[in-house]
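Visitor: I would like a close look at a single part of this model, with the cut-offs spelled out as you go.

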Amino acid sequence: DRLGGNPGLNCFEFATEMHGISENDILCKKKRLFSCVNGFVHLIHIKMVLLCVDDDDDDLDIFEEAIKTISVSYQCVRAYNGKDAIKLLKSLTPDHIFLDINMPGMDGVEVLKYMRTEMHIVVPIVIISTSLPDNHNLEKIGASKCITKPASFKGLCKILNSYFLEA
């Protein structure tokens, strides 16, 4: 594809030279690709896989609906407890993990520690819980971010959108 009127500049060159977009971004860093349609460069998002770990099915439904509201570029995979999440991670490589704290069996803190120290998971792990423990220091044991679940659906969408814009 050549850009309108300039026979020497293709989409790749346009994106890198004219917009300062790095070659790594074009070649799928952060799962971003560029395409050229009718001489215009378009950013295409490939579906990112999110592992969502929570023992509350209603909370998972709300979380997944919020994800769909902010973007169709995310696919949620559910785990209903820490042990199921650990099993899933043996065959799944998610782009982000969202982890509740208050779960039966292995709680979120134990799961976080295990994922970071035993499994050496390097993807972002976000703690999302209705209540975070006082002086939790979850970032010190490997949480990428800690989010208190908001009371409203709109609030959850806003927080998630903000998180993904930063990620």
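How many helices and strands does the chain have, and how does helix α6 pack against helix α3?

Guide: The model is predicted, so local features need pLDDT of at least 70 and side-chain atom pairs count only at pLDDT 80 or more, while totals for chains, interfaces and linings use all residues. Residues are numbered from 1 along each chain as its sequence is written, and side-chain values use heavy atoms, with hydrogens and water left out.

The chain has 6 helices and 9 strands, taken as DSSP runs numbered from the N terminus (helices H or I, at least four residues; strands E, at least two). Helix α6 has 14 residues and reaches 20 Å from its first C-alpha to its last, close to the expected 20 Å, where the expected span is 1.5 Å times one less than the number of residues.

The axes of α3 (residues 57-70) and α6 (residues 153-166) come within 9 Å and cross at roughly 60°, axes being lines fitted to C-alpha atoms over the stretch in contact, with angles from 0 to 180 degrees between N-to-C directions. The two helices are therefore oblique to each other, a class left over once angles under 35 degrees (roughly parallel), over 145 (roughly antiparallel) and 65 to 115 (roughly perpendicular) are set aside.

In contact (heavy atoms within 4.5 Å), residues of α3 including I62, F63 and I70 meet residues of α6, among them F153, L156 and F164.
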